[in-house]
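These are my notebook entries from a first reading, set down in the order in which I looked things up.

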Amino acid sequence: MKYSAFLRIVVVLFLLFTLNATSQENINKNKFRQLKMEFATPNVYRTASGAPGHEYWQQKADYVMNIRLDDETRRIYGDETVTYHNQSPDVLSYIWMQLDQNMRAKDSDTRKIRTSQLGERISVMQLNRLENSFDGGFNIEEVKGAKGNPLPYTINKTMMRIDLPEPLQPGETIVFSVKWWYNINNRLRDGGRSGYEHFEEEDNYLYTIAQFYPRMAVYNEVEGWQHKQFLGSGEFTLPFGDFEVKLTVPDDHIVGATGELQNAAEVLTNTQIRRLEAAKTATEPVMIITEDEARKTEKNKSGKEKTWVFKAKNVRDFAFASSRKFIWDAMGVKFGDRTVMAMSYYPKEGNPLWEQYSTRVVAHTIKTYSKFTFDYPYPVAISVHTDRIGMEYPMICFNGGRPEPDGTYSERTKYGMIGVVVHEVGHNFFPMIVNSDERQWTWMDEGLNTFLEFLTEQEWEYGFPSRAGQPYKIVDYMKGDKKYMAPVMTNSESVWNLGSNAYSKPTTALNILRETVMGRELFDFAFKQYAQRWMFKHPSPEDFFRTMEDASGVDLDWFWRGWFYTTDNVDIALDKVTWLQPKTEDPEIEKPLEKKEDESLVSITDIRNKETMDETVTATDPATHDFYTTYDEYAVTKKDIEEYKKKHADYSEEENEILDGNYNYYQLDFKNIGGLVMPIILEFTFEDGTKEVQRIPAEIWRRNNEEVSKVFVFQKVVTNIALDPFLETADVNLDNNNWPPKIHPTRFQLYKSNFGSGGYGGGSNPMRESQKKNESGK
């Protein structure tokens, strides 16, 4: 008996548990559930509003460097003194530095894990990388303390741990030095974010140098030490600090770098200094070094050296460019009482594109980005041209986009060049100032930056052919094979299709938020709040998500979940439309309508029998006729009218208005096929040709994520309904978006494969064809 009672209790508990688990499972599938499980818990360092907490802290690293660029051996020799400030509440017994050049070491993991296949066609560069024996890793010669005492260190691939002689207490500072050298890579042959370009015809080099020194890793309360190995995709996570850098280069080189030049009188001519001063107040670029002057310089090589000195405050990194080939132009951009120098350095091979556009685009970019974030705080913004590249650093970036040797260029090359300059200069804002963890989350800088690039390009020229931003441009990716997709919230090294995942998809998502979900005013305010809260700090994804909600008053958890935490796509179908009209009960209206509807129901049998209707019995024999032979059930009688008037008198004024209003009721049934819940945007076209747009918030899906219905009321008859008529939700299937159904043809083009150089060039070149016609007189 006791056993039986116990068994019943167990069964009851089991059933309760099962019911609760089932209920919980159903709740947890709802796409509008809050992101409590996914988000880190707010604390004194990062608040629930998305702002830095009252105890937020971050480390600081200052550098004093002496760098020598050896043009003969193409090597970098350097020594640095690092002052590391422990501003954390933690005691540190060791510190970590990044040795990013070690990804180019012969035994690097980057080479070992690179997958490869042999196809029918393979490029020389691909073959070179398969057998590449180039050794570009750091050669660390010494690590010493402030008193010259050797410090023990351990190199683990692209990271170096330095063991401290005494634990570094909160608020304390340690000073140490590192000496090193490495071989500079041929960027076009070996690939890479920095390196040199060789101009064989005149045997000259153009150097764009970055990741050239051991750099402090970030230590914070989110990751501890961010020492995830650099494999090639996940870029850089760096603390802010002040830099003083002495760059020794060939005497005839011109150098552009992060920061402000400290010894202009020693490295520039008086003419160049006067031109640079004039550029500060110029309304268009001023040539500091003309093309003719650069052509003259590049013909000879100096055997002497010269040292350029730069200082930069509150930056996370340092990079520079050096060449005897540089043309140099500049112009001032006003921000209140400050003047920021927008500048470009480029070889003659970049003209005429670079002289016409580069510095103008730099100026436009920092002004437009500032409008959406904060005033550009640095003293310079530099664009450097070298072939087929796009890479960013504080105050300086390296950009591709090269015309043909004859000076002509395709439209693709022109817009590609303008786009890459906007993008890379824009990176000054994300992540150089709003300093997110690139090693962990590529989208936090690339996605946000590409979004602002899109806005900036559209302000440069109406209809600018931006690569990302418009929702319809992401459709092919979104409807692709999910086996080769990952959510946006995936570590940088593990993302499939980095360009679409970390650049285009977040850009599209933000544009949809701005144009469709939040509206421009709410979005722009919230986005600016995020930028200003986290400038010169280290935000996490939650800080961005929470700030956007906090500053706008819009619950966006459903949006972040769908666009950033899943691989779902948008495919909302207008599954069914039901058209209803209420009966007026007026017999003089309703009976003719009923008669018309009845007479419209004609079968094939009725059609064929009509030919012999005069031969039927009732047609030929009057004896078969009675009352119903001539009775018209649709005739309006006096009784019908009296009953209608009596009934009508009992209705309220509101009820009579509905009955007499000739309203049309349309029930629209929607299905969510793709998984992403989104607002429903509808365009109704009426019988008289007029249109009406209605926008339904995404919350219509809150209780049923898979199918919803809604009734719309009009006095006019609807002839067409279009779902997402302005292509603003990235719906991957337009064939189920219309009533009556409308099939959209797929256009395709037959073509021969063109194995060009790719990058920021290529495309048809009507400029060259026009030039040829002009030369021939045709």
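I began with burial, and I noted that 50% of the 778 residues of the protein chain count as buried (buried means under 20% relative accessible area, exposed means over 50%, and partly exposed lies in between, with a 1.4 Å probe and protein chains only). I remind myself that this is a predicted model, in which local features need pLDDT of at least 70 and side-chain atom pairs count only at pLDDT 80 or more, while totals for chains, interfaces and linings use all residues. Residues are numbered from 1 along each chain as its sequence is written, and side-chain values use heavy atoms, with hydrogens and water left out.

**Entry: the chain as a whole**

The C-alpha trace spans about 130 × 105 × 60 Å along its principal axes. The protein chain exposes about 39,000 Å², of which carbon and sulfur atoms supply 50% (by the Shrake-Rupley method with a 1.4 Å probe; for residues, only the protein chains shown count as cover).

Of the contacts in the protein chain with a separation of 6 or more, 76% are accounted for by residues 24 or more positions apart (contact means heavy atoms within 4.5 Å). I also noted 93 positive and 117 negative side chains, with the centres of the two sets 6 Å apart; here Lys and Arg count as positive and Asp and Glu as negative, with His and the chain ends not counted, and the place of a charge is NZ of Lys, CZ of Arg, CG of Asp or CD of Glu.

The secondary structure comes to 21 helices and 30 strands (DSSP runs numbered from the N terminus, helices being H or I of at least four residues and strands being E of at least two).

**Entry: the seven-stranded sheet**

I then followed an open sheet of seven strands in the order E4-E7-E2-E1-E13-E17-E15, with mixed pairing (two strands pair if DSSP finds at least two bridges between them). Its edge strands, each pairing on one side only, are E4 (139–145) and E15 (260–261).

Strand E1 (residues 60–70) runs antiparallel to strand E2 (residues 75–85), and eleven bridges join them. Along this pair I found Ala61 with Tyr84 of E2 as its bridge partner, and Met65 opposite Glu80 in E2. The two strands form a hairpin with four residues between them, and in the turn Arg74 has a positive phi of about 55°.

E1 also runs parallel to strand E13 (residues 241–250), to which six bridges join it, with Val64 standing opposite Glu244.

**Entry: the four-stranded sheet**

A second sheet I looked up is open, has four strands in the order E5-E6-E3-E10, and is antiparallel in its pairing. E5 (153–156) and E10 (215–216) are the edge strands, each of which pairs on one side only.

Why is E3 largely enclosed by the rest of the structure? I wrote down that five of its seven residues are buried, so E3 is largely enclosed. Six bridges join E3 to strand E6 (residues 159–168) in the antiparallel sense, and Leu92 stands opposite Leu168 in E6. Strand E3 (residues 92–98) pairs with E10 over two bridges, also antiparallel, where Met97 stands opposite Met216 and Gln98 has Arg215 as its bridge partner.

**Entry: two buried residues**

Phe230 lies in the loop between strand E12 (224–225) and E13, and I found it buried, with a relative accessible area of 3%. Not counting residues up to four places away in sequence, Phe230 touches residues including Asp100, Met103, Arg193, Arg439 and Glu493. Its C-alpha atom and that of Ala342, 112 residues apart along the chain, are separated by 32 Å.

Leaving aside neighbours within four places in sequence, Asp543 is in contact with Arg46, Gly50, Tyr530, Trp534 and His538. The C-alpha atoms of Asp543 and Arg46 are 497 residues apart along the chain, yet their separation is 7.3 Å.
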